[in-house]
Amino acid sequence: MPDLTVIQVIPHNRPGGMQLVARQLDTGLPAHGISSSILDLERWTAGSGRRAMRRLRGWFRLIAAFRRQSPDGVLAHTVLNALYSLPAARLAGVPHGWLVVHGTRDGMGRLRVALIDLLCRTGLATGVICCGHAVRDSYRELGGAVQRRMHVVQNGVRLPESIPTTVPTEPAPGLALVTACRLDPEKDLPTAIEACALAHSPIHLTICGQGRSRTELETLARQLNAPVQFAGNLGRNELAGLFAACDVFLFTTRHEGMPLVLIEAAAAGLPVIASDLAANREVMGGAAHYCPVGDAAAFAAAIDLLAATPEYGDRMRAAGQRQVAEFTVERMVAGYAALLGRG
């Protein structure tokens, strides 16, 4: 019998880093005596009728489910999700409600930051787990109710055991760049596209991922005649194969929590060019070339530098390999288990 039981609540089960963390915890926590299950709110509140009524019905069902299963804790990934599920947990008598914060304050917005404060002040969140030190540091200005509850457990990544010999897209001749992220405004892919259009060296960028900005990004790439292709969502093994076939990982994001895609890129032997964010530096340390956020000319200059000086890329590649061992799934799961075990 497990010592503790926890229910993880996620807002939806579409591909993303948050969902990956939840699945990794679900698999790893039993080895530490903690039984885990995942509840997908998007499916939980599905059905007929208006959205508000579906969510209200789902909320009462959630209370009933928490009472029936009687977990020791509820782990709510994302702030709005916690606002929905942690009050239900309290009404069901669940002793511990954990809020997992995956993003920094500047990317969260005022409403979500205020809700973090509210959840802590009311005691609905008995603990807050930040996915990295950069995330926690960004909330230092919040009051004591938040600070007393905040803990850091750095996310971890499990690398593919094997890499395919074929890749879904063959990079064109020249320096092959790749990036992988949601195609959303916060990832600032226009800067990546503009940088590729400005670069003087023969290059080609493959953009992996899907999102609401794809049509706009494709239009921009055509307008700038940028050497860019869009690969869509790839499986983890496919992505690892593409990484192995490329030369540089490009990451122009404006906001990050714990960008473990950088570790996946470094593990594949890719030098990294990244925006100068605390979260990116937390992951890569001195093993990446950093550029000011939104500065397409600086990113273009970095691309040209790597194209012209292979030895610079070799040094970055070696330094990146040393970073990989710091962010394992096993270390992440053990950190969660230690916090959940002490309540």
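1. Which helix and which strand each supply at least two residues of the lining of the largest cavity? They are helix 4 (79–91) and strand 4 (96–101), where helices (H or I, at least four residues) and strands (E, at least two) are DSSP runs numbered from the N terminus.

2. The model is a predicted one, in which local features need pLDDT of at least 70 and side-chain atom pairs count only at pLDDT 80 or more, while totals for chains, interfaces and linings use all residues. Residues are numbered from 1 along each chain as its sequence is written, and side-chain values use heavy atoms, leaving out hydrogens and water.

3. There is one cavity of 30 Å³ or more, a cavity being a set of points, on a 1 Å grid over the protein atoms alone, where a 1.4 Å probe fits but cannot get out. The largest cavity holds about 40 Å³ of space, a volume being the space filled by probe spheres set on the points, which are joined across faces, edges and corners.

4. Lining residues, which have an atom within 4 Å of a point, include L86, A89, R90, H96 and L124 for the largest cavity. Helix 4 gives the largest share of this lining, three residues.

Technical notes:
On a 1 Å grid over the protein atoms alone, a cavity is a set of points where a 1.4 Å probe fits but cannot get out, and a pocket is an open set with protein on both sides within 12 Å along at least five of seven lines; lining residues have an atom within 4 Å of a point.
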